[in-house]
Amino acid sequence: MSSRKRVEVCLTPGEYEYYKGEYDIVVVIDVLRATSAICTAFDYGIRSIIPVSSIEKAKSYKEKGFLVGAERKGQIVEGFDFGNSPYSYMKEEFKGKDVVLSTTNGTRAINIASDAPTVVIGALLNVDALSQWLIEQDKNVLCLCSGWQDKFNLEDTICAGVICDTLIRTGKFTSEEDSSIAAKYLYLSAWDNPLGYLKSSSHRRRLKNLNLNEDIKYCLTPNKTDVIPILKDGKLVKL
Ligand code: 3SL
């Protein structure tokens, strides 16, 4: 039997039940924009982020006096302090703060994966640092793409493909699932120009219609940070 570890890709949160329980580390990916915003928040000094799935739960934290961000369909939900733009986390006011965040798909995927022994946050922004850390752990890894409302998306799959390819190239990891092979090929065909490749992708269109082009460009920039957010006792903190 091979002693190599597995690195696989779950293309949507809806398929997670078929992978559940088999992996030591789950990497949750939501390139546009939740996990990119989370990496940025830690890069700029936030202390912790509590990811919550529902607006009701987010409201209950707000009533307790927490700083709470909420996004649905790409927009800040009325009555909340901020949304899901990485730029909103570059401000002084977030330094050292504990915040709560609820987004359409990203925070939901984090909570779906929270049964795993280790959950970390991946984005193109931290993909090299994260891949190197995963190689050092030498454990079975699942990349969980947040997608859009349980549907497949290109950008998360491309990011998962980078991770798969990097880990497999070490010779210490292997992939068996077709989803992982597909992710790797998508990454290889997209990598020269991710922005162009995603030109007509559904979420890029959605965000562009909301005038969020700068967010898209930022989120598609690889390796702006070395931070690896990790879930500990229901809170994301910096590893
Ligand atoms: O789905 C999510 O969690 C968000 O990243 C979506 S958006 O980019 O804020 O529209």
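Modeller: Gladly! When we sort residues by type, Ala, Val, Leu, Ile, Met, Phe, Trp, Tyr, Cys and Pro count as nonpolar, Asp, Glu, Lys and Arg as charged, and the others, Gly among them, as polar. Here the shell around the ligand holds four nonpolar, seven polar and three charged residues. This is a predicted model, where local features need pLDDT of at least 70, side-chain atom pairs count only at pLDDT 80 or more, and totals for chains, interfaces and linings use all residues. Residues are numbered from 1 along each chain as its sequence is written, and side-chain values use heavy atoms, with hydrogens and water left out.

Biologist: Which residues come nearest to the ligand?

Modeller: A residue is near a molecule if one of its heavy atoms lies within 4 Å of it. Of the 14 residues around the ligand, Arg33, Asn84, Thr103, Asn105 and Gly106 come nearest.

Biologist: What lies 2.5 Å from an oxygen atom of the ligand?

Modeller: For polar contacts, we look for a pair of N or O atoms within 3.5 Å. At 2.5 Å from a ligand oxygen there is a side-chain N or O atom of threonine 103. For asparagine 105, a side-chain N or O atom is 2.6 Å from a ligand oxygen, while arginine 33 places a backbone N or O atom 2.7 Å from one.

Biologist: Is glycine 79 buried or exposed?

Modeller: Buried means under 20% relative accessible area, exposed over 50%, and partly exposed in between, using a 1.4 Å probe and protein chains only. Glycine 79 is exposed because its relative accessible area is 55%.

Conventions: Polar contact = N/O pair within 3.5 Å; in protein donor to acceptor, adjacent residues only side chain to side chain.
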